[in-house]
Every structure is written in C-alpha cells, then in structure tokens.
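Good morning, colleagues. Please take a moment with the sequence and the structure on the screen before we discuss them together.

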Amino acid sequence: MLEITDIYASLAKREVLHGISLTAKAGQVLAICGPNGAGKSTLLKAALGEIPARGDVKLNGQSTAKAKASDLARQRAVLPQDTQVAFAFTVAEIVAMGQEAGDFAAEPGLIEAALAAVGLANHATRPFQTLSGGERQRSHLARALAQVWQPIGPQGPRWLFLDEPVASLDLGHQLQVMRLARAYADQGGGVVAVMHDLNLSAMFADRMAFIIDGRLAAEGTPAEVLTAPLLERAYGCKVAMNTAPQSGPWFLPQACDQA
Amino acid sequence: MTALASSRARPGLRPVPYGLTAGLILLVLAASILSLTSGAAGLGLGTLLKAPFSAEGLTLRDKVVLYDIRLPRLVMGLAVGAALAVSGVLLQGLFRNPLADPGIVGIGAGAGLGAVMAIVLGSFLPLWMADLIGAHLVPFAAFFGGWAATLLLYRAATAGGRTDVATMLLAGIALGALAGAVTGVMVYMADDKQLRDLTFWGMGSLAGATWGRLAAALPLILLVLLIAPGLARGLNALALGEAQAAHLGHNVQSVKRRAIFGAAAATGAAVAVSGGIGFVGIVVPHLLRLAMGPDHRLLLPHSALLGAGLLVLADLASRSIVAPAELPIGILTALFGAPFFLWILLRQKGALRG
Ligand SMILES: Nc1ncnc2c1ncn2[C@@H]1O[C@H](COP(=O)(O)OP(=O)(O)OP(=O)(O)O)[C@@H](O)[C@H]1O
Ligand SMILES: [Mg+2]
C-alpha cells in the first residue's frame, strides 16, 4: 500500500501542491490524470522524495522519509517523464543499472527479458543516444522493470512509478506498455502512472486520481471520476463521452466543442 | 564460472578489455624503464642491467642519479599522471560532461592559488608550525584551493542535478582569472627566494621531484586512488540524473561529496608538486571512453594506467626534445591537449546542452 497524506510542495517559492492525500493499493493500477501544469509530476516527485515536501508518505507501511535509498530501490522503480543520459552507455548497460539496484542482480537473462518485454530485444548493443524518443522511453522502462522484476518480494509488493509511460509511444507500443503495467498489478505489484490519455487510463486503470491546480479534484474508479462536468472544468472543452460494454468510458476528441 | 563467462558475452554489456589492460600495463612498464635509463648523466640500460652481476655494482654517482634523481621523478610522473586522469574522470562523472577537466574549469587554478599562497604566506607562520607542517603545507593548501574552486564551480554551474556547460566553462575562466590576479599580488609580495620557488613551480615540470616532495603529495593521491573505485557505480548512475541515481539506491549527496573531494585532492596534490600540467584529465578519459565505453568501473583504473604512462612519456619527451635543456612538460601536454579539446568540442557541438 502507498499512503500519501496531506502533501504540500512548493517549487520556486510557489506552492504547487495544496494538501493532497491519496492511497494506492498493490494489485491495482492507479492513474493520475489532469491538465498540464496541474502538479501530477510534482505529486509523483514529492511521493518519491525527489523534492522537499510537507506531509507523509508510507510505502508498504514504512515511512519513506527515513528509509535508506538502497532499501527503497529494492521495493520501487521509477520511470521519469524526462529521460536524458550522459555518456554513450548502451541500452543493455542502462538496463543492467536497474538490475544491479534491485534484488535480481544474479538473475541470468534478465536484461534480455526486460528488453524483450518492451519490444527492444534487438537494441541491446545500441548506444542510448542513437535511439528514437519512444525507444529511449522504453529502454528506461526496461531498466525500471529489471529493478523490480518480481511484483512481490520479501518486504511485500514491489512498485512501479511511471510518469507518462506512453507519452511518446505509437499505438501498438502504448498498448504493449499498458498491458505490462496491468500484468504487473495483476501479479500483485503496485503501479502508479501519470497519464494524459483518458482512453488508455479508463481501459487499464483500476483507480484514478484527477488533479486540478494542485488539488485532488476527484478520486475513484475511472467511470466514477471521468464525468462530463469534471472534464469540462479540467480541459475547458466539452468532451464526447461514450461507454464501451467491457472497458468503461471512452472519449472522442473530434467531438470536443469549444466550451 | 560458466555463468560468469556467459554473462560476459551478453550483447550490449562490454566485457572487461583484458587486452587493453595488458597493453596499458606494458605501456607503463616500458615508459618507466625508458624514463629510468635515459638522461644527461649517461646511465643507460646496459649499465643498469649489468650492475647486479658485476663485482663493483653501480658507482656512487650512478646510484645518486638513479635513486635520488630518476626514481623520484619517475614515481612523481606516474603519480601525477594517474592523479590528473582520475581527477578528470571524477569531474566528468560529477558534471555529467566529458569537457570537465581540472585545468579547464579552473580547479587547477584554484589549487595553484592555494600553492602560491602557501609558498609566499608560509613564511608568516610561526616557526614551530612551519616545522610541524613542513613540506605538507603546499600540497594541502593546493588541495584546499582546488576544493574551494570545485565547490564554487559546482554551485555556479549546477542546478537541480543539471549542469549548464556554458556556465561551467565560463565559471572556469572566471576562476582562472581570479586565481591569476591573486597570484600576481602574491608574486608582488614575495621575496627573492620565494620568487625563485614560484617561478620554478609555475612552469609545470617534474624536474623538481624529490623524495621529500613525493612524501607530501603521494598519500593524498593514493587516498584518491583508493576511494575512486567505490564511486564508480554511483557515477554510472549519476549519468541518468540525480533523481534516478537516488532511485537506483545511491546516496547521491555522498557520491557527489566524495567525487568533489577526490577530484580536488588529486588535482591539488598534482598541482602542488608539478605546477600546471593541463589536458591529461580530458584526453585520457575521452580516449578510453572511445575504446571501451563509459562504465566508470573500468574507466577509473584504466585512466589511472594510461594517465601514468602518458605523463611519464611526455616527461621523457620534454627532457629529450631540447636536451640538455628541458621543455616544461605543461607546454608539451597543452600542445597536444588543446587541439584535442577543440576536437571534442566540435564533435559535441550539437549535444552541448548537457
Ligand atoms: N522546476 C520548477 N520550478 C518552478 N515551477 C515549476 C517547476 N517545475 C514545475 N513547475 C510548476 O509547477 C506546476 C506543476 O508542474 P508539474 O510538472 O507537476 O505539472 P504536470 O501536472 O506534471 O504537467 P504535465 O502534464 O505538463 O507534465 C506547474 O505550474 C509548473 O509550471
Ligand atoms: Mg508532468
């Protein structure tokens, strides 16, 4: 369980998060949605201890503020929104960094398996700088996967924190990555993903937290959260909503009207 | 064993380049032998090889040449070369940029300023203190100067784990100018003997190598060579950014602190005993990254070897080209290093937004 309690955070002396409380359960995918600049990445960074924040964060019952970085690295892996690498490390070397950080350093074939899982089996030897944007994002995802390969460990469930995991991916790879996240949760791990794509979020997430202006505007199942008034408030336009029999709500941007 | 062998052969994971390692060790050995057997005194390889088997051994004069002139100079060359190269690797890992060199970004200048101040202001120390610190004063002052410069530089050029390369290089220029100005003031204040010390030191040379000076600088350099391997994985992770390095389980603050300390201590010790020898810290790691990849676990030890070997060779060249006079070695390394730096800069042009 991930328990975020009453988080306040400021960036450049401006308060960006105004007291957000949120819980995520292992075995589920939590999607964090909201407009640009709402504070989604900031919430993730605050929950991960990357930026100073007021409030409390517990992972698997333990306060993360006092935990050692090396212990946390065995329990959670992070895919950042912005992924740069200095020096010409190969894709395999980057994934190996994830592997060495987690509990699976001795696992043979893990790098290959993680790369295959994100569709980069043939890219192991490529220097990172020669990859396309989507390939870069997926190689970092492979690194995160190699770090927390098994969804359940001795200290409880492991966690994947993903900031816009499908932002620069094509349709096929968006589905591949979302299925990976889904499978990870189905096997008992926890997944927290910042998402812009409401359709994918509705298809794959169990829970959704909707952030507007640094506050939690709504929380619940995608069907509960994704209501016409909320979307209009968030995005400033009317969204054509529909409901698919199996996968819940879906949206068509063509039908968006200027509000 | 089979698991180890197969893990070495995995695609994209570069194996330990044993051939290169062996080559570098040979380079260091060959350079050392050449350095010990060449010089104005005419004590050559033949005499040295015959000595253990002949009844009379080496003459007293030859012994002095070997043990008190050539050997300390060789050890100094090896230590300074390794120190400068390792210091370059540490700085580049810290700044996430291959252009960071202790000489270029002003850390050498800071260390030099420390050394100059120690030489000039050292005479104002009470006698008992001067006796106590003795030869250690200059290396430690150089270390503190280099340390202050590194901290200042890091503060100036890095925000939120990102280094702005332009700021880094400009801050280096400013630090160099400041150190130059204060050095000028010191020169103005210095008496004749100190002036001679300063001039000699400032030319950048291994000619002043004595066991006494080595005893002051070597411990600092050995300490850095000792702590550097422990930083390798942290520096690798730092290539992904500070936040990711932390999520990969590294204590980022500690890695940064130790890298800054290591770079400053190695540069300081090297500058204190040999003056300004530039570009070793940028040429050596860059060549090795091209040859075997950027993994710091391999880069650090191999850089130490190549730096040591190259500097001894450069020293050899500096004393043979215009023999019996000597070209300051700093001039020689700059002659080759500066164009090399420009070449890296041109190659990097598009990617300078580090
Ligand atoms: N380094 C920074 N310094 C100052 N303000 C910042 C900084 N980073 C973000 N902000 C501001 O904080 C607010 C929240 O930013 P955040 O990155 O969390 O948004 P987000 O919800 O992730 O948006 P996006 O969908 O564009 O990724 C925004 O108003 C942004 O302008
Ligand atoms: Mg964001």
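Predicted model: local features only at pLDDT ≥ 70, side-chain atom pairs only at ≥ 80, totals over all residues.

In terms of residues, 30 from chain B are in contact with 34 from chain A.

What of the polar side of this interface? Between chain B and chain A there are 8 residue pairs in polar contact, both residues being at pLDDT 80 or more. The rule also finds 3 salt bridges across the interface. One of these joins the side chains of E100(A) and R297(B), at 3.4 Å from N to O.

Which elements of chain B give two or more residues to the side that touches chain A? They are α4 (60-95), α11 (232-238), α12 (242-247) and α15 (296-320). Of these, α12(B) gives the most, with 4 residues.

I turn now to the magnesium ion, ligand 2. Its protein donors are S41(A), through OG, and Q81(A), through OE1, lying 1.9 to 2.3 Å from the ion. S41(A) lies in helix α1 (residues 40-47) of chain A, whereas Q81(A) lies in the loop between β6 (76-79) and α3 (91-101), so the pair ties together parts that are 40 residues apart in sequence.

Thank you for your attention.

Terms used: Residues numbered from 1 in each chain as written. Chains lettered and ligands numbered in written order. Heavy atoms only, no water. Contact = heavy atoms within 4.5 Å. Salt bridge = Lys/Arg side-chain N within 4 Å of Asp/Glu carboxyl O. Polar contact = N/O pair within 3.5 Å; in protein donor to acceptor, adjacent residues only side chain to side chain. Donors = N, O, S within 2.8 Å, 3.2 Å for Na, K, Ca; no water.
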